[in-house]
Amino acid sequence: MDHIKNRMAIEFTSIRRASRNDREDYLEIFDQRLVHSDYISGEDVAHFEREFADYLGVSSVVSCGNGSDALLIALKCLNLPKNAKVLVPDFTFLAAAEAVASLGLIPILVDIDKETLTITAETLKCCWDKDVAAVIVVHLFGYAAPMDDILALCKKNGAYLIEDCAQATGTKIRYNNKWCHVGTIGDIGTTSFFPTKNLSAMGDGGAIFTSNHSLAQRAQMFKSHGALNKYTPVCIGQNSRLDTLQAAILRYRLKKIDIQIEKCQRIALKYDIAFAQLPMITIPQRSNDVFHSFHQYPILIHNGSRDNLQAYLKDEGIPSMVYYPLPLSKTEAYQDYSPYESAVSLAIGTQILCLPIHSYLDEGEVNSIITKIVQFYEE
Ligand SMILES: Cc1ncc(COP(=O)(O)O)c(C=O)c1O
């Protein structure tokens, strides 16, 4: 009985359903790779890097061990002066701030804009001074930060721009009258292939991407012990590799990503229409100039009922998540990196709730999530 219940439960991510659905294909992929037993730097790694670069429209993808390493390596490529300041969002996963601080640079936590949930040129300007050498923008939840103004601000001040796309593979922005993937507008893009991400591996994985040849070469060097040729390092590097099996899985999943995003967009539209009738819920603003990948579907609840709604949904078998309950500036590790107030980040942390959204969610499940939320507010 428990077994049947588990199978029917609404799941927050697609991981288990994808494993069940595509099991035969995965077994075939593994079987073929067992023949070569080329587990490190096998040919799938180079193929994946080329295929992902073509998908994104950049000249180089350098794969690595995870999305946190990707940020670290991207920062190393920029060769910033000691004690330089790097502006990062206060409301996000900690990897960007962690990478900056662990290189001896100074992360400055910047408040987000309440519409897009990302940093903007306006929020960056409030924290800018002459020591700012770079910005890491995070395209959170599949949203895209407003890149035109951010890029203009960075260019005007001679600062580098890194785009963390760990939550936004597949998101595109209309830029210079063209649709561009996020991560391809600034100097370097990074991403994660953690199993819950839009493009996911069956373990850890990450990538750095750019159309700047010399930055790509430096990334290749830093991820390979500081050496482009084995045993002749030219700088201090690290070991950060995407293994062959993960690359093979990523090649398979890359072919499906756009179809999955379309399914998520259809679910999001149903949610949008349903929640438009509930005055206590707002949906963070989405621009017509962004092709949204819906890594998450966040709602903001304004009447203080977020925690009660989450508990009610849990009782009804509907999972949801609070990303992120606290801005980084309110955590012990990062409290010293916030000379400025992050009032929006703090408020959003008390209002936000992320609902299930993935390509294995069926129509009946989406309807029942909507019905339960509407019922909660009508009772
Ligand atoms: C926005 C963001 N950046 C970076 C990372 C780090 O990726 P990884 O877990 O692969 O190190 C994550 C992971 O959750 C993330 O959400």
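**Reading cavities, pockets and domains**

Author: Let us begin with the largest cavity, which is lined by Leu 56, Cys 165, Ala 168, Thr 169, Gly 170, Thr 171, His 181, Val 182 and Phe 209. The model before you is predicted.

Reader: How many cavities of 30 Å³ or more does the structure hold, and how much space lies in the largest cavity?

Author: The idea of a cavity is that a probe fits inside but cannot get out. This structure holds 1 cavity of 30 Å³ or more. The largest cavity contains about 40 Å³ of space.

Reader: How does the lining of the largest cavity divide by class?

Author: There are 5 nonpolar and 4 polar residues in that lining, and no charged residues.

Reader: What volume does the second largest pocket have, and which residues lie nearest its centre?

Author: A pocket, unlike a cavity, is an open set of points. The second largest pocket has a volume of about 450 Å³. Its lining consists of 20 residues, and those nearest the centre are Ser 41, Gln 220, Lys 223, Ser 224 and Arg 241.

Reader: Which helices each supply at least two residues of this lining, and which element gives the most?

Author: Helix H4 (43-56) and helix H9 (213-223) each supply at least two. H4 gives the most, with 3 residues. By class, the lining of the second largest pocket comprises 8 nonpolar, 8 polar and 4 charged residues.

Reader: Into which domains is the protein divided?

Author: The division is into domain 1 (23-254) and domain 2 (257-378). In the contact, domain 1 takes part with 43 residues and domain 2 with 37 residues. The C-alpha centres of the two domains lie 25 Å apart.

Reader: What area is buried between domain 1 and domain 2?

Author: The size of an interface is often given as the accessible area lost when the parts come together. Here, about 3400 Å² is buried between domain 1 and domain 2, and carbon and sulfur atoms give 59% of that area. On the side of domain 1, Phe 91, Phe 141 and Tyr 143 supply 20% of the area buried against domain 2, more than any other three residues.

Reader: How many salt bridges are counted between domain 1 and domain 2?

Author: The count is 1 salt bridge. Arg 174 forms a salt bridge with Asp 289, and the closest N and O atoms are 2.9 Å apart. This pair qualifies because a salt bridge requires a side-chain nitrogen of Lys or Arg within 4 Å of a carboxyl oxygen of Asp or Glu.

Reader: Is the peptide bond from Tyr 323 to Tyr 324 cis or trans, and where is Tyr 324 placed?

Author: The bond is cis, with omega near 0°. Tyr 324 is found in the loop between helix H12 (306-315) and helix H13 (343-351).

Reader: What is the phi of Ser 37, and where does Ser 37 lie?

Author: Although Ser 37 is not a glycine, its phi is positive, at about 50°. Ser 37 belongs to the loop between helix H3 (23-36) and H4.

Technical notes:
Residues numbered from 1 in each chain as written. Predicted model: local features only at pLDDT ≥ 70, side-chain atom pairs only at ≥ 80, totals over all residues. Heavy atoms only, no water. 1 Å grid on protein atoms, 1.4 Å probe; cavity = no way out; pocket = protein on both sides within 12 Å on 5 of 7 lines; lining within 4 Å. Points joined across faces, edges and corners; volume = space filled by probe spheres on them. Helix = DSSP H or I, 4+ residues; strand = E, 2+ residues; numbered from the N terminus. Nonpolar A, V, L, I, M, F, W, Y, C, P; charged D, E, K, R; others polar. Domains from an automatic or database assignment. Contact = heavy atoms within 4.5 Å. Buried area = accessible area lost by both parts, 1.4 Å probe.
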